[in-house]
Structures are given as structure tokens and as C-alpha cells.
Amino acid sequence: MKKRILTGDRPSGRLHLGHFVGSLANRVKLQDEYEQYVLIADVQALTDNYENPQKVADFVRELLLDYVAVGIDPEKSTIVVQSMIPAIAELTIFFMNLVSLNRVLRNPTVKSEIEEKGFKESVPAGFAMYPISQAADITAFQADLVPVGEDQLPMIEQTREIVRKFNSLYGEVLKEPEVLLGDYPRLVGLDGKSKMSKSLGNSIFLADTAEEVQKKVMSMYTDPTRLKPTDPGTVEGNPVFIYHEAFNPNKEEVEDLKNRYRAGTVGDVEVKQKLIVAINNLLEPMRVRRAELESNPGKIEAILRDGVERGRVITEEVLSEVKKAMKINYSF
Ligand code: TRP
């Protein structure tokens, strides 16, 4: 039997190159080897967008387009809309008993998000609890492996704790998942300062046009101490070279650019132009797949319907095991 993957994203923004090297590339690579489920986590997206439900609803479709564009093949992977899987909500309720309030609020990702979003003293309970519902996402599919970026490590750790607690209390029912980080689990943003993040405005999106990529790369931060192309430059930690490493498959070209950069015999413009070509080569087939699916609304609907149907079958099985273990599988 194939091992299972469960992973997902919140439908509240477009996916970018940070997502690609953090986890999407792994999902594309592993979908043949694993039975893969990819969750469009709309319930989780509502925990910080509850005042803007239309945005979440609209992004369900956008996220699906991103998935298919990047190469997640609905014939091989099952794409599932979270709110349509009632078993996840039920598991969340059961799991809440297994986690202390203090533990939830100690989750480092939740902590920094609370800070970032400026919730201050009025953190919505649903937001604070989302790691518990993420544990339900993962266990509802009995996932063996969860490919994610680095910011999600605390979620998987918390899931593993919940699984251990559940199994020790009620019997060995749930699987303890492993995490899989991408080649660049935390890609630096265009500004060179923080990680690539939609909210920081320092991202190249998978859906960007060739012109947008060009503009963004040309405005990228490089080595601030280098004023002229004849100054020796620093390659290490330079975001333009980090991107070359990550996105330019022509390793010889990258080595040559690095050597000339260090020697002061290449200008930023040439380095950036070659990067633009590499990124656009990566994104071009994605643009084609996106356009193809976008022009076929019937297919979009069919993929979503089919995914939900398959997702329900699996998660209902797991839920029924859970209820049995918890002695609430009444027969009346
Ligand atoms: N928390 C993830 C994010 O913000 C999205 C997510 C929801 C997820 N459920 C998941 C990721 C289950 C992995 C597994 O990107």
C-alpha cells in the first residue's frame, strides 16, 4: 500500500516562489510515489479572515488554479476543500480535550502570528485553536508525511503530541506523521530582509506575468556595498544568488556568474537578466496549465467535487475508528 501525504494551504492569498521551494516542489515530485491529499484549508483561512468570507471563497478557486498550474495533477493527487469534510470538525472537538490552553498559546507560529496580526488582548479563540484543527486535518487522512515550509514545524510537532496523547489514552488508532521540508524551507524575499511573504509585499507569485517577474527582479536588493560592476561583490547571502541557486537549472552559468561577481567583472543587470530568464522558464509551463484550466470552469468544478467525495470516504473511516476508540460509537 502506498504511504499517504496530507498537506495544504489557506485560501487567502496567491502562492509564491517561497511556497514552491518550501513545499510545492516536493508535492509535485512525490505524487507518484505517495497517495497524496492536498487540503484547501478554508476553515483555517477563516480563523483570521472571518470578517471577509468572500475573499476566502474566491481564493478556493484561485488556490486550485495555483495547484494545477504548479503541477499537482488531480489525476494523481486528491484536492480537498476542508469545510466540506465534516470529520475534520468533529476530530477538532475531540482533540481539544488533549491540549492545554497554555500549550496552544505557546505554539511559536501562533504566537508570532498573533503579534503580526495585532490581535493584542482579543485573540479569537478559533485562531488560537487552529493548530488543533490542523492536527485534525492531518490525522483525518492518517498521513505518514506532511511536506511543508519551515514555519509549519510547530504545527506538526503539536500534531505529533496530540497523536501520542490520543493513542496512549484510547488505544493505537492514529498515525504520527513525519515532516518533510523543501530544499529552501525559508526563502528570502525580494527585499533580502525577511522571508518571502505575501503580506510583506516581497514575493514573486506563481501567477505573475513575465513582465511582472522582470520588474520585480530588476528591483531586487543585491550586495549593498557594491556600487560599480567593477567592485568585487559578495555572493553569500545575496538574494539574487540565492534565487539563482534555487531557480536556475544551468549550474555552469550560475558558477560563472558567481565567479565574475566576486571578481568584479559582471554587472548586477546581467545577473538579474539571467535570473529573469530562469524564473520565467520555470513559470511559463505553469502559466499554460493555469490558462487551460481557467478556460474550463466545468473541469474546475469536477476536480473539486471529486476531491471532496474521495476525501469524505477516507476521513469518515478514520472518524469511525476514533469514535470506536473513544467509546462513542453508539449503536442506537
Ligand atoms: N497552516 C498551513 C499554512 O498556513 C495550511 C494548512 C492547513 C496545512 N492545514 C494543513 C498544512 C495541514 C499542512 C497540513 O500554510
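Trainee: Is K117 buried, exposed or partly exposed?
Mentor: K117 is partly exposed, with a relative accessible area of 33%. Buried means under 20% relative accessible area, exposed over 50%, and partly exposed in between, using a 1.4 Å probe and protein chains only. Keep in mind that this is a predicted model, where local features need pLDDT of at least 70, side-chain atom pairs count only at pLDDT 80 or more, and totals for chains, interfaces and linings use all residues. Residues are numbered from 1 along each chain as its sequence is written, and side-chain values use heavy atoms, with hydrogens and water left out.

Trainee: Thanks! Which residue does K117 meet in a salt bridge?
Mentor: The partner is D48, at 2.8 Å from N to O. K117 belongs to helix 6 (residues 108-117) and D48 to the loop between helix 2 and helix 3, so this pair ties together parts 69 residues apart in sequence. A salt bridge here is a side-chain nitrogen of Lys or Arg within 4 Å of a carboxyl oxygen of Asp or Glu. Helices are DSSP runs of H or I with at least four residues, strands are runs of E with at least two, and both are numbered from the N terminus.

Trainee: Why would such side chains pair up?
Mentor: Side chains of opposite charge can pair when their charged atoms come close.

Trainee: What else does D48 meet in a salt bridge?
Mentor: D48 also meets R10, at 3.5 Å from N to O. R10 sits in the loop between strand 1 (4-9) and helix 1 (17-30), and D48 in the loop between helix 2 and helix 3, so the pair joins parts 38 residues apart in sequence. R10 counts as buried because its relative accessibility is 18%.

Trainee: How many salt bridges are there by this rule?
Mentor: The count comes to 28. One of them joins E161 and R103 at 2.9 Å, N to O. That pair links distant parts of the chain, with E161 in helix 9 (residues 153-170) and R103 in helix 5 (residues 101-106), 58 residues apart. E161 is partly exposed at 31%, while R103 is buried at 14%. There is also a network of salt bridges linking E157, R160, R164, E176 and E178.

Trainee: New topic: how many residues of helix 8 are buried?
Mentor: Eleven of the eleven residues in helix 8 (residues 130-140) are buried. Among them are Y130, D137 and A140. Just after helix 8, Q142 takes a positive phi of about 50 degrees.

Trainee: And the whole protein, what is its secondary structure?
Mentor: The protein has 14 helices and five strands. Of its 332 residues, 51% count as buried. The C-alpha atoms fill a box of roughly 80 × 45 × 40 Å along the principal axes.

Trainee: What about contacts across the sequence?
Mentor: Take the contacts between residues at least 6 apart in sequence: 77% of these join residues at least 24 apart.

Note on methods
Contact means heavy atoms within 4.5 Å.
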